[in-house]
Structure formats: C-alpha cells, structure tokens
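Here is a briefing on a two-chain model. Please look over the sequence and structure first.

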There are 2 protein chains.
Amino acid sequence: MNRYENLAQVLSERIEQGLYPAGDRLPSVRILSSEHGVSISTVQQAYRVLEEKQLVEARPKSGYFVTSTRLQAALPSGCRSAQRPVDITQWDQVLDLLTAPELPGFVQLGRGSPDITAPTLKPLNRAMVRASQHQNLLALKYDSIYGSLELREQIARLMIDSGSHMDANNIMITTGCHEALAIAIRSVCEVGDIVAVDSPSFHGAMQTLKGYGMKALEIPTDPITGISIEALELALEQWPIKAIQLTPNCNNPLGYNMPDERKKALLRLAQRYDIAIIEDDVYGDLAYQYPRPATITSFDEDSRVLLCSSFSKTLAPGLRVGWIAPGRYHNRALHMKYISTGATSTLPQIALTDFIKQGHYLQHLRRMRNQYQRHLCTVTSWVNKYLPCGVGVSRPQGGFLLWIELDERIDTQRLNRLLEEHKIHIAVGSIFSAAGKYRNCLRINFAHPLNDIYEQAIKQIGLTVQQLMAEE
Amino acid sequence: MNRYENLAQVLSERIEQGLYPAGDRLPSVRILSSEHGVSISTVQQAYRVLEEKQLVEARPKSGYFVTSTRLQAALPSGCRSAQRPVDITQWDQVLDLLTAPELPGFVQLGRGSPDITAPTLKPLNRAMVRASQHQNLLALKYDSIYGSLELREQIARLMIDSGSHMDANNIMITTGCHEALAIAIRSVCEVGDIVAVDSPSFHGAMQTLKGYGMKALEIPTDPITGISIEALELALEQWPIKAIQLTPNCNNPLGYNMPDERKKALLRLAQRYDIAIIEDDVYGDLAYQYPRPATITSFDEDSRVLLCSSFSKTLAPGLRVGWIAPGRYHNRALHMKYISTGATSTLPQIALTDFIKQGHYLQHLRRMRNQYQRHLCTVTSWVNKYLPCGVGVSRPQGGFLLWIELDERIDTQRLNRLLEEHKIHIAVGSIFSAAGKYRNCLRINFAHPLNDIYEQAIKQIGLTVQQLMAEE
C-alpha cells in the first residue's frame, strides 16, 4: 500500500467510526502532513481518494469536509433509566450461545473468539512444542498456587503500557479471565450483595453474580463515554452497593474507551463509598489507539481495584491463561484461587512466558490491532449497506465486537432462530442485561477473515430483519 | 526378579500392610501355588526367603505363620466422638503446605504429588508435542464448555473398571479435581449448609466448604473400613445435612478402600434422607488390588452421587485435567463450570486423549500401582524402624500417602518447624480436620524414589519426635 493509500484508509476509518461526524471540517493538509510525517502532496492525493469514494468533499478556500449527505448510523441508545437491583436471568440464552453449532459452513458471529490464524501466532505453537519437549518434567508438575513467577513478571512488565507499575507478587495466574472474575467477585461480595454493573455488560460476569447469589444493579451507560458516573452516584446513595464491575476499555459489547477523567471520577466515587471496583481489561490491549488507554487500576492509590484479564482475546482462548491483580483483597483472592482450581495448567504458562520474552506478544498485538480496525471499517460499511435505516451501531475503539440496535419491535432471539436456517448465529442482546433488556439488540464478531461468506451473512441478517419488520 | 522372589515380595508386602497379622497362619503352599500359577517349589523357595527375613516362621505339620514377635505398628486411632457442625479453619496451615519451599536438597514429604519421572509417562510428552505441532489451531480455540467429547468418551470407557457404565454426555471436563469438587459442592449446597465429611478428610475439599461459607460435620472414620455408617446415621437424624463429601477409595489421608457393602449402606442412607453424595475418586485408579474397587457412583441408581476425579494423581498434576459426573445435578453443575473457568485448557485434553487411546494410561497405571505398593512396604519398615514405639500407622490399599499418629503430646506443627532446619517438610495432621484436630498426626508422601535421602529424612523425623517427647 502506498503512503497516500495508507493515509486515506486511516482517515476513512476515522470517518466510519464517527470520529469526524458528517458535515465536520477535516484537518488541514498542513496538519495532516506534519502529524503523519508525509509530504503535502501525499495528503492531497489521500484526500482525492476520499473524494472519489464520496467520503469527503472539498469546499473552496475552506478545506475538506465529511460529506454531509453521508449516512452515519446512529449510536445505540443505551439504557437510560435507573433500575432496581435484580436477580440475573438469561442463563438459557447464554447456554444457547455457548453450545451453538460450530459445524463447517456455519457462520458463527456470536462468540467472543479472536482470530487465531495470524502468522504472528505461529511462534506460540513453537513455544508449546519446546515446552513439551525440553521442560517436560516442569510441565507435568503442580504449578505454584500463584502461577509461574516468570510469567507474572512478564505480565507486570506489559502492564506498564496501561499505566500500572505493579509488582509480580501482586498478580496471580488464573484459568482465563473467567476464573479471575469469579475470584474477584467472591473476594469482595457475599450472597445477597448488590453489585453495580455497566449496561449492557459482559454476560459471563453477570452469570457469575447469578451463580454466587448476588444481585446486579444495571447502571445507564453511554455508548461513547461508558458507565454514567452521575447515575452511579445516585445508585450509591440509594442502595448498599458492595462493588462496581465494569469493562472500561474496549468495552464488551459497546467497544468504547472510558475517558481517563471519568475513570478517575469513578475511582473517587468508589473511595467515597468505600467499595471495590472489579475492572475487566480483557480487551484492553486491543485498543486501536497507541499507546493503549490507561486502566482504572493505574490511577488506584488505595488498592481497591481488582484487575482481571487474560490472553484469551489478545492471543488464544484455548490456553486458558488469565490473571488477577486483587490489590488489598490479596489474601481472600488467594483462598478463592486455591478452592477454585488449585493451580493453573503449567504448559501454557511456560510457552507464554517464552513467547512474550521473545517479543512476539507485542508484534502480534500490533498486527491484530490493525487487522481488527480494518475489519471494523468494512463491517460497519456492510451493516450500513444491508441493515435497514434507523439501526444504531456502536463505534468500537478497540477489540472485534460490534453492537447493533434494531427497531424495538424486533426480538433478536426470534431473529437468531430464523438465521439458524441460514447457518448464521449471532449473540442476542438480552444476555448482556441482568434482566433481559436489549431484546432488540445483537452483538457480532468481526475478528475473522471478512470474506464473501461473511458479507452474505450480514446481508442475510438485513433481509431477515426486514422480513420480521414486515410481519409486525 | 525370579518368580519366587516376586512371590516373596507380594507376601511380605501383605504382611507389612497387616493383611496377615502377627501370629496368623499364612496360606498353604498348595493354595499359593494354585493362586499364583507357580510350582510348589517356587512357593517353598519364597517362604524360605521370608523365613530368612524373619517375617514368617515354619511350624512343623501346621504350615507358615507370621512371626509372632514381629512388631506391627498399631493403626491410627481415628476420630471417635460425634461432633457439631463447625466452620472450617486451618487455611494458614494449608497455605504453609502449598507455599513450602521446593528448593534443591529439600525433602518435600507433605505434598500430594505423584512420581512424574516414570518412563511410562514419556508418551504423554510426545503426545503434547504432537498436539502442539499438528493440531495447533484446535489447541488455541475455546474448548466446549463440557470439554473434549473424545476425552470424555475415553474417561467413560475407563470408568467401566470402577463399575460405572456412564454416557460421555454425563461427564464434564474440569481444571483438575479441585474445580470438580468446587462445582459439586456449589451444585448441591448453599451458604450455611452442613456437609458431612469423613475425618480425617482431604483439606482441599474442606477449604472449599470454608470458601463457600458451608459448615463441616466430621464423621468418625475407621482407618480400615472408612466413614462410620452408624455415626453418619445418628448425625443425619440430628442435623439438616445437605450432602456427604468423602473419598471412599484409596482415601486421602488414610488409604483405606471402603468395603462395597458399606458403600451400598451409605448410598441407602443418602436415599433415605434424600441428600447428595460427593465422591472424590482421585486416587481410585491407584488401588493396589486389581481390578480396582468400585465407586459409590457405580451402585447409584438415582443419580444422587457427584463423582469427582482427575489425572493429577495417576498421571501429572500440571495438566490440570479433571472431570465431574454430576448425575441429576447436571444443569446446575454446568452453570458452575461456566462461571468458574468457562472452559478447560485445550492442549492437555488433546494430548491426554491421544495418550489414553494408545493404551499408555493403563500401562502407566500398572507400573505406578506396583511402584507405590513396593514403596509402601519400604516406607512402612522405615517408619517402624525409626519412629518411637506406640505410633499408629495407616495401612493404605492404594495411592502413595501414609498417615502417622504420634504420641498425643506431640504437635506436628512444632515438629514441622524443627524439621525445616533439616530441610524436611511434612503435612501436618490439623489440616485434615475442619476444627484442627489430629495435631499429633502427619501425612507423608512415598511416591518418589525411596533413596538414602528419603530414609535419612524418616530417621530425622524419628529423632526430632524423640527430642520433642524428651522435652515434655
């Protein structure tokens, strides 16, 4: 790709994502030239490409503007009203997603699985072979309850990118982020306790609350700035909330990065009410921006944040290697780790340590960030093309998940059943709510190669949605 | 080893284990000849070897007798009195065991780790290499929430040996037996519930009860026949017990196999009071007898038993591959599996399936059963030789753990601290009781090569015990 094509792509992605809204003035040729370190004529060529695509229009003596006639999908409306703490439902729908067929020819858009076919992941397989061959006795032994110290040191080093300077001794290795979240929740809450969650929220964390008999209080959440601090404050006044559980970076399912100021405001609230924050950072390293956004943990001065993460989204979920940095809840978290699985599988830890030490992790991240950002651009254009007007579409700042809000008469469980005939599976919106809201929403995965089959699947979703709307 | 040496060893092991008590008549030459398919003269030679070792004595016209002057250690006394349900303590001591140093030169006798250096385990490493090389994409993917179907089919096939004919769909793969036990407990109990346990009992299962806020009721347990059905019945009359958690085969720490009739009686009690049984079978395949003893599960007609097991003791703990067959509690167990770890690490499952399919599992089991039985013989003789008179010693029927009861004035936590100076670590008895009983007991591991260092460690334990007794 030429320099100007490259720049044109970066700009068109920003437009697709809504960073430059319709009708807005784009940066001047001079600014872009200096920002991207390219010549004036390269920028001019890039703008000409965008003009041809009718993404921008030149206005004499004023510069370039995002085409005002261009249809940018609206944002999803999010949840607006404060609610009562509720028992979590929707397990049947989650199970439906977990056990959906993965047969050849099936387009599985519902799962949160990353692309594991990238060549930058090959060294991980080689590391697994090496670990099996040369460290075989080590790989067969019980690991320490804390997990491999070497791996924890590597994780501590990687966490510097998110603003944290953490000692490896404050990190415990877990069987994926799932175990980290379960440990976190059990470390700070008892049966019957109320946990405030972003809404929509990751179904796995909510099912964990359900399993341990806790109640969720869904807090209104903005699709660009995240959980509403104002609504959370009202909720804290009203209810005896024990913890806040949220995904502030590359949110699942909405894709936003909370602005740092709002992260700090959240932390101040948690301090004022003396409650814990459970921060799910599992997609954080996949933020499109570089350097990646800071974690709430990085601003945390009194160790009240329990950071949960894993390599399941950045590398490969089959490894089942995650971690928790439980802050002041260390002792209780350690007990929870012991009774949950005793120790984490040894071989994947040895292989991962090797892979990260050799610099392959950051290399792979760079590739995947770019790939997912490119895919977002394509999938957004397909959604705009094939889905009916009036749908709301999220504007992810990282990761590989897109949230789509349909006309409120559409029930996406019904939609999913109809799509099954076309061998397509989506994640229904209701699993992202404790009480089964977001019935008219869906989440799709755009990690995997965006081939013709994928495009046809989006087209079919559009057709089936129209069919359902015609029935109404 | 010659045939007669082989037979001599079998007989001497039975004598050491107390199967033929001091003064008792041994089987006739004719019976042994027919039982073992060897000639009369082979049996006669074997008996001569035992005579030389002063293990048996010939009495004219009467046959062979176990030397009556021979000192057989007494059995541990076990726990006799019924107790109240209690909150579990001892986490500090368990953590002490989990984090004890594993430095070179340190003799770690406390842990429940198997010997992983056997040549029959080599094919497992080769299977791991193959899985990393050829099935790399499969190994990186999320596994099904149930775990690998192929592996579950192999486990179902292996379970036939314990008398169970189970469909693979009734089995879920877990991250070791730890996760299986946690899932089982959470599937049948709520916070505050009472669980009856054998006593002494596996500390991991009791810590799980602690972590989930349940109470343990310790039931008197016989060192040969297991949990007292009579005491359990009294307890069931008196307390609202929700489940019974026990290890009926190759019990940890006592090593007994419950007789089948007592297993059936236990099941009838559970039926009468309509409660669940959580059966830990993690050492069951290591029973010295062949075929191995039946599980309670194999007699279970109304699916009230939750069977928990793993490959951690039979093969290698670092794999973290276990399973649960949760019977009628399937749906709740599935939810618990989801919130606990989401899925189990994929690569070890692929490698294990390969290893078992090729017949390596049963081959390895045969070797380890023999090795551990030989080791038991040696370690028992060392304990008899070096420890003061009056100690009680368990008579394991499988596995690689020995339980020793010292004079009741001895506190084994104190003993352990003194032994640390000699780079020796044992498991203290108090962790095997919910309320910290068995302070005068210890558990040692005899899985690993019984070399001179090991013998010196037993000798040192004897010396330190004598030192402590002199202080009293």
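This is a predicted model: local features need pLDDT of at least 70, side-chain atom pairs count only at pLDDT 80 or more; totals for chains, interfaces and linings use all residues.

Residues are numbered from 1 along each chain as its sequence is written, while chains are lettered from A and ligands numbered from 1 in the order in which they are written.

**Symmetry**
- Chain A superposes on chain B by a rotation of 180 degrees with 0.0 Å of shift along the axis, at an RMSD of 0.1 Å. The two copies are thus related as by a two-fold rotation axis.
- The superposition is by least squares on the C-alpha atoms of residues with pLDDT of at least 70 in both copies.
- A:Val129 is the residue of chain A that comes closest to the rotation axis, at 2.5 Å (C-alpha).

**Interface**
- 46 residues of chain A are in contact with 46 residues of chain B. Contact means that the C-beta atoms, placed from the backbone, lie within 7 Å.
- Several helices of chain A each supply at least two residues to this side, among them H5 (122-134), H8 (176-188) and H13 (346-357). H12(A) gives the most, with 6 residues.
- Helices (H or I, at least four residues) and strands (E, at least two) are DSSP runs, numbered from the N terminus.
- By class, the chain A side has 21 nonpolar, 21 polar and 4 charged residues. Nonpolar covers Ala, Val, Leu, Ile, Met, Phe, Trp, Tyr, Cys and Pro; charged covers Asp, Glu, Lys and Arg; the others, Gly among them, are polar.
- 100% of the interface residues of chain A are also interface residues in chain B, so the copies meet through the same surface.

**Domains**
- Chain A is divided into domain 1 (3-66), domain 2 (91-117 + 368-471) and domain 3 (119-361). The bounds come from an automatic or database domain assignment.
- The C-alpha centres of domain 1 and domain 3 of chain A lie 38 Å apart.

**Strands**
- In chain A, 4 strands form an open antiparallel sheet in the order E12-E13-E16-E15. Strands pair if DSSP finds at least two bridges between them.
- The edge strands of chain A are E12 (392-393) and E15, and each pairs on one side only.
- In chain B, 5 bridges join E13(B) to E16 (441-445), and these strands run antiparallel. B:Leu401 stands opposite B:Asn445.
- Both faces of E13(B) are covered: B:Leu401, B:Trp403 and B:Glu405 are buried on one side, B:Leu402 and B:Ile404 on the other.
- Buried means 20 or more other C-beta atoms within 10 Å of a residue's own, exposed 12 or fewer, and partly exposed in between, with C-beta atoms placed from the backbone.

**Helix H15 of chain A**
- A:Thr412, A:Leu415, A:Asn416 and A:Leu419 are buried in H15 (412-420). They cover an arc of only 100 degrees around the axis, which puts them on the same side of H15(A). The arc is that of the directions from the helix axis to the C-beta atoms.
- Their cover includes E16 (441-445) and H16 (452-471) of chain A.

- Most residues other than glycine have a negative phi, and most peptide bonds are trans.
- The bond from A:Asn252 to A:Pro253 is cis, with omega near 15 degrees. A:Pro253 lies in the loop between E8 (241-246) and H11 (260-272) of chain A.
- A:Gln90 has a positive phi of about 75 degrees. A:Gln90 is buried, with 21 other C-beta atoms within 10 Å.
- B:Cys250 has a positive phi of about 50 degrees. B:Cys250 counts as buried, with 28 C-beta neighbours inside 10 Å.

How values were computed. Two residues are in contact if their C-beta atoms, placed from the backbone, lie within 7 Å.
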